[in-house]
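Subject: Structure handover and notes

Dear colleague,

I am passing on the structure we talked about, together with my notes on it.

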Amino acid sequence: MVALPSQSGADLTVAAGGRQDVRSLGPNPNHWYVVARSAEVTDQPLGATFWGEAIVLYRDTEGHIQALEDRCPHRQVKLSEGEVTDGELECIYHGWRFDAAGQCSHVPYLADHQKLPSCQLKTYPVQDLNGFVWLFPGDRDQLERENIQPMGLPEWEHINYIASFTVIDVESHYSFLIENLMDMYHGRLHDDLQAWANPVLDTLEATDQRVDVLYNAQSYYRIDKIWSVSQLFIPALRQLHPEELRVSYVYPHWVSTLGQDFKICCLFCPISPTHTRAYLIHFTSLKRFHRLHKLPMAFRRFVKNRLFNAAQGLLAGLVKQDVLMLEQEQVAYLKNPDYKGPELNRALINVQKLIRQQAQQD
Ligand code: FES
Ligand SMILES: [Fe+2]
């Protein structure tokens, strides 16, 4: 293996055959990545990282989210250690201030004969959309030319969906996480925590933008039957029925549905070649509760808000089990990067192909 520098500063490891090793490939930055929840960004700075780039987020005086390089041009300390003053970032060290365009706007000890230092911090396009902060770290010209839109998550605000979420913070390359999410044959790991069983890969479609896989599975979840709630807590009562399990790698994010009633998404933010952060969001649809739809909107909103995050403990339990596996995969990979284990799931072969195609588009 040889290591080559990439545009994003990370090493691209090239296997002996000349093919880039998927376990160290950088993400294509010309997509929208999720760097925070909307509620996390306030009028105080918040640090985030996308593939080695330190970013600072804050809300300006009008409540709009701004995203800039998290590096004071004076001494290169983190601006996220400072504060926001009059809607501008103020460095904690000497108090220099920077406006949303990334230019120095104030130095507290500037003498009469001195000019403000000319410096330009990198700024990022950012969108406050469906409860999350979507950031575009790539080429602005391409963004405008191709009108690239964030995937979005309309169910987050939709009155008929109850959301729960948890954070995945895993010391592994993002390819291990997306493969885990696309591989429905790892149900053994989750045992009683999981709502489906006996998956069989049925169809697979792949392009250079996404991979869509349908598994025929079985589930005991059935939202319109009250008895099914008891099955959630008492595994002995569970009765399985056939259910379609669809999983999609909508690069760089993941979307899945179980039947008509459940949707789970995973919004990615690769931090480094060995660290990935993501939000796992579970939605339960209330569409089948027809009587609920006739009730006043204020009551329906109350139900949605009251049940928000009800499944967080369940999600966190699943994530803990997966993270244990992913981190072991990463450690084993670093010890022996040339090892290629046998793979029987063709979904994963297509996932790796898509990662390579996207990396080449960078
Ligand atoms: S290091 Fe930021 S103002 Fe000096
Ligand atoms: Fe899992």
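Which are the buried residues of α2? In this predicted model, they are Tyr174, Ser175, Phe176, Leu177, Ile178, Glu179, Asn180, Leu181 and Met182, and with nine of its nine residues buried the helix is mostly covered.

Part of the surroundings of α2 can be described through helix α8, which runs over residues 346–361. The axes of α2 and α8 come within 10 Å and cross at roughly 145°, and the crossing in which α2 passes α8 is right-handed. On the α2 side the contact is made by Ser175, Ile178, Glu179 and Met182, which meet Ala347, Leu348, Val351, Gln352 and Ile355 of α8. Sorted by class, the residues of this contact are six nonpolar, two polar and one charged.

Helix α7 covers residues 312–335, and its 24 residues reach 34 Å from the first C-alpha to the last, close to the 34 Å expected at 1.5 Å a residue. Its buried residues are Leu315, Leu318, Asp322, Leu326 and Gln330, and what they pack against is β13 (161–170), α2 (174–182), α3 (187–190) and β19 (275–285).

Is helix α6, at residues 297–307, buried or in the open? Of its 11 residues the number buried is zero, so α6 lies largely in the open. Just after α6 comes Asn309, whose place is in the loop between α6 and α7. Asn309 has a positive phi of about 70° although it is not a glycine, and it is partly exposed, with 14 other C-beta atoms within 10 Å.

A positive phi is also found at Gln76, where the value is about 65° and the residue, again, is not a glycine. Gln76 sits in the loop between β6 (65–69) and β7 (83–85), and it counts as exposed because 8 other C-beta atoms lie within 10 Å, where the cut-off for exposed is 12 or fewer.

On the arrangement of the chain as a whole, the domain assignment gives domain 1 at 33–146 and domain 2 at 154–361. The C-alpha centres of domain 1 and domain 2 lie 33 Å apart, and 10 residues of domain 1 are in contact with 11 residues of domain 2. On the side of domain 1 that touches domain 2, β3 (33–37) and β4 (46–50) each supply at least two residues, and β3 gives the most, with three residues. The residues of that side of domain 1 comprise six nonpolar, four polar and no charged.

Which peptide bond is cis? The bond from Tyr251 to Pro252 is cis, with omega near 5°, and Pro252 has its place in the loop between β16 (241–250) and β17 (253–258).

Val250 belongs to strand β16 and counts as partly exposed, with 14 C-beta neighbours inside 10 Å. Although Val250 and Arg210 are 40 residues apart in sequence, they are 4.7 Å apart in space, C-alpha to C-alpha. Leaving aside its neighbours within four places in sequence, Val250 is in contact with Met151, Arg210 and Val255.

With 13 C-beta neighbours inside 10 Å, Asp202 counts as partly exposed, and, once its neighbours within four places in sequence are set aside, Asp202 is in contact with Leu214, Tyr215 and Asn216. Asp202 and Ser164 are 38 residues apart in sequence and 29 Å apart in space, C-alpha to C-alpha.

With best wishes

Key:
Residues are numbered from 1 along each chain as its sequence is written. Chains are lettered from A and ligands numbered from 1 in the order in which they are written. This is a predicted model: local features need pLDDT of at least 70, side-chain atom pairs count only at pLDDT 80 or more; totals for chains, interfaces and linings use all residues. Domain bounds come from an automatic or database domain assignment. Two residues are in contact if their C-beta atoms, placed from the backbone, lie within 7 Å. Helices (H or I, at least four residues) and strands (E, at least two) are DSSP runs, numbered from the N terminus. Ala, Val, Leu, Ile, Met, Phe, Trp, Tyr, Cys and Pro count as nonpolar, Asp, Glu, Lys and Arg as charged, and the others, Gly among them, as polar. The expected span of a helix is 1.5 Å times one less than its number of residues. A residue is buried if 20 or more other C-beta atoms lie within 10 Å of its own, exposed if 12 or fewer, and partly exposed in between; C-beta atoms are placed from the backbone. Axes are lines fitted to C-alpha atoms, for helices over the stretch in contact, and angles run from 0 to 180 degrees between N-to-C directions. A crossing is left-handed if the near helix is turned anticlockwise from the far one by less than a right angle, and right-handed if clockwise.
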